[in-house]
Amino acid sequence: MKKIAVFTSGGDAPGMNACIRAVVRTAIYHGLDIYGINRGYEGMIEGDIKRMQSHSVSNIVQRGGTILKSARSMEFKTLEGRGKAYNQLKSLGIEGLVAIGGDGTFTGAKLFFEEYGIPTVGCPGTIDNDIYGTDYTIGFDTAVNTALDAIDKIRDTAAAHDRVFFIEVMGRDAGFIAVESGIGGGAEFVLVPETKSDIDLIVKSLKNLRKSKSSSIIVVAEGDELGSAQTIMQLVKDRIKDPSKDFKVTTLGHIQRGGKPTARDRVLASRCGMAAVEGLLAGNTNCMAGVINGEVLYTPFQDCIGKTKPILSDHLKLIHLLSI
Ligand code: ATP
C-alpha cells in the first residue's frame, strides 16, 4: 500500500483535527502518500481530494471542528454514489482509507469494502460515545466538560433563586454525556434513554428534597424516552402543582460540539489515528481502532455497528446514590 486517504464524516467532534494530524504524520513516517478528502463521502464522490504534507496539519491539534470539514451524504447511500466515489479514488491510485466518524460512517465503509475492496480502518469520532469497541470516543470528554461547565454556572443561578433547572444535553440515542455530566455536576436526577424515567418518582423526590434543598438540577439526555427537557419539565410542573415553585429549562445544544479538545481527547485521537494507519499497513482492515482498558484494539465494523455499548452499571448506581 503506497497511497491512502483520510476523511471526517457525520457529526464533527473536538479532537478530529488531532486525529487527522496523527494519521497524516504516521503515514508520512511510514513512507506513504497521504491525501485528505474534504466533506466526507460527499467530497469523495465529487473528487474533492488533496495531497497532504506534514505542514498541512501544523497548528491544528488544539482546534475543535475538522479542517477536512464534514458532511452527511445521501448519495453515498446509493450504489451509484459509491461507484462514483470508487472511480475518484481509483483515478488517484488511493488504496486505503482512514474514516473518522460514527457508526453511520462505518456502515458506509463496510459496504464500500464489500463492493469495491477498498480497505478502511475507522477512528471513533463522535461526542456521543455510543460506539462499541472503544471505552471512549473522540470528542466525548470535551463535550462532557463543556456540559459540566454549563451545569456549574446554572447551579449558581438555580441556588440564588431557589429554582429547579432541567438541563438538556446531547447524546442522540445514548445517555453517556448525561450520565457523566450529571455525576460530575451533582445533578439530583439524570434521565437517560437506557433506563425507564419515572415522573412520579421525580415528583415525589423533588417534594422531599425541597425540605432540605431549595434548588435542584435535573439533567435530561436528548434521547430520553419521555421526550425533551421542556416536555419533562411540564409533566413534573403539572404534577407538583405549586405556583410558588420556579421551573426552568436550558438546552445546551451545539456548544457541546465545539471548542478546544481536552488533553484526554487529543491523546485518544492521536493514538487512534496512528493505530488506524498502522492497521491498514498490517492488513487489519474493515475495523475500527479504539482504546479498551488503556490498550489500542481493533474491533470489526460489524461489531461496532451491530453491538450496543452499555452505560457502566456503577455509573447508573451513582446517579441514584448521590442524589440522596
Ligand atoms: P454521528 O454519530 O456523529 O452522527 P455518523 O458517522 O453516525 O456520526 P451519519 O450521518 O449517520 O453519521 O453517517 C455519516 C455518513 O455515512 C452518511 O452521511 C452517509 O454518507 C454514510 N452512511 C451512513 N449510513 C450508510 C449506509 N447505510 N450506507 C452507506 N453509507 C452510509
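Predicted model: local features only at pLDDT ≥ 70, side-chain atom pairs only at ≥ 80, totals over all residues.
View 1. Taken along the principal axes, the box that the C-alpha atoms of the chain fill is roughly 70 × 35 × 30 Å.

**View 2. The two domains of the chain.** The domain assignment divides the chain into domain 1, which is made up of residues 3-139 together with 261-306, and domain 2, which covers residues 142-258. Between the C-alpha centres of domain 1 and domain 2 there is a distance of 35 Å.

**View 3. The interface between domain 1 and domain 2.** Where the two domains meet, 13 residues of domain 1 are in contact with 13 residues of domain 2. The size of an interface is often given as the accessible area lost when the parts come together. For domain 1 and domain 2, the area buried between them is about 1,100 Å², and 48% of this area lies on carbon and sulfur atoms.

**View 4. Salt bridges and polar contacts across the interface.** Three salt bridges are counted between domain 1 and domain 2, and the count of residue pairs in polar contact between these domains, with both residues at pLDDT 80 or more, is five. On the side of domain 1 that touches domain 2, the residues fall into four nonpolar, four polar and five charged ones.

**View 5. The pair D103 and R172.** A salt bridge joins D103 to R172, and the closest N and O atoms of this pair are 3.9 Å apart.

Definitions and conventions: Residues numbered from 1 in each chain as written. Heavy atoms only, no water. Domains from an automatic or database assignment. Contact = heavy atoms within 4.5 Å. Buried area = accessible area lost by both parts, 1.4 Å probe. Salt bridge = Lys/Arg side-chain N within 4 Å of Asp/Glu carboxyl O. Polar contact = N/O pair within 3.5 Å; in protein donor to acceptor, adjacent residues only side chain to side chain. Nonpolar A, V, L, I, M, F, W, Y, C, P; charged D, E, K, R; others polar.
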